Amino acid sequence: MLRAAGAGTTAGDIGRQARGLGLDLIMDPVMNWYPDREPSPSRFAGVSTGDALRMCEAIGVTSLSVIATASSDVPVPELAGHFGRVCDRAADFGARVHLEFMPFTVVRNLRIAWDLVRWAGRPNGGLVFDTWHFFRGEPEFDVLAGVPGDRIFCVQLDDAPAVPAPGSLREETSRRLLPGDGALDLGAAIRALHRIGALNWVGPEVISPELAALPVPDAAALAMHRTRAIVAAALAGP
């Protein structure tokens, strides 16, 4: 967005172009949504929440994702209030807000993320469920069974080896596998999501250098083919 603005293309221009193509836009991710003394080193943290939300409004996004940092000065239960305020601002322009849990952040698992969304109590606030984050963190299927399916706004499918590669999870998350190429029990996750009615907006999120090296149309087609195939296989089983 900032690069586009530097080239003379405004947020409004981008929104109009997308709508002209029949596309909805999502802002992913928004950071800085709660106060911390130490700024995040993430490349996504260079934009304030206020500026990010103004961009979202100008573009006309239908939804936006928020992610947490690896450590925080704010006690985790207090994050619910900050999440609620982001939801209130997004409601001003008709957008939903997805909170994404990641095992290397303070919102490290589904249990914490669902607690925050539940405590915030905003109708436009929900969750992103990413299979890589679920299995590499704490894959608590009992927690998943207790989450209302309509509060999971987005499901992202990706795979990984059974044992994490040497190095940090943050490093490994940039070397994900296409659905079906790894050893995660994606079938069990898909069936659990289906049982609670959460398979409403499903797509791939395969962050990998191999996929990035392909032409964009080829990478998109391959990732979507694998995603559709593994969902169909999971739901065709017993």
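I begin with helix α2, residues 11-20, and helix α3, residues 49-59, which pack at an angle of about 40 degrees with their axes 7 Å apart. Helices here are DSSP runs of H or I with at least four residues, strands are E runs of at least two, and both are numbered from the N terminus. Axes are lines fitted to C-alpha atoms, for helices over the stretch in contact, and angles run from 0 to 180 degrees between N-to-C directions.

The model is predicted: local features need pLDDT of at least 70, side-chain atom pairs count only at pLDDT 80 or more, and totals for chains, interfaces and linings use all residues. Residues are numbered from 1 along each chain as its sequence is written, and side-chain values use heavy atoms, without hydrogens and water.

To return to the pair, α2 and α3 are therefore oblique to each other; angles under 35 degrees count as roughly parallel, over 145 as roughly antiparallel, 65 to 115 as roughly perpendicular and the rest as oblique. The crossing of α2 past α3 is right-handed, that is, the near helix is turned clockwise from the far one by less than a right angle, anticlockwise being left-handed. From α2, Ala11, Gly12, Gly15 and Arg19 meet Met55, Ala58 and Ile59 of α3, where contact means heavy atoms within 4.5 Å. Four of these residues are nonpolar, two polar and one charged. In this scheme Ala, Val, Leu, Ile, Met, Phe, Trp, Tyr, Cys and Pro are nonpolar, Asp, Glu, Lys and Arg charged, and the others, Gly among them, polar.

The second pair is helix α4, residues 79-91, and helix α5, residues 110-120, whose axes come within 8 Å and cross at roughly 60 degrees. The crossing of α4 and α5 is right-handed. Leu79, Ala80, Phe83 and Gly84 of α4 make the contact with Leu116, Val117, Trp119 and Ala120 of α5. This contact has seven nonpolar residues, one polar and no charged.

Two backbone details follow. Aspartate 28 and proline 29 are joined by a cis peptide bond, with omega about -5 degrees, and proline 29 is found in strand β1. Asparagine 32, although not a glycine, has a positive phi of about 60 degrees; asparagine 32 lies in the loop between β1 and α3.

Finally, what are the classes of the residues in the lining of the largest pocket? The lining has 27 nonpolar, 13 polar and nine charged residues.
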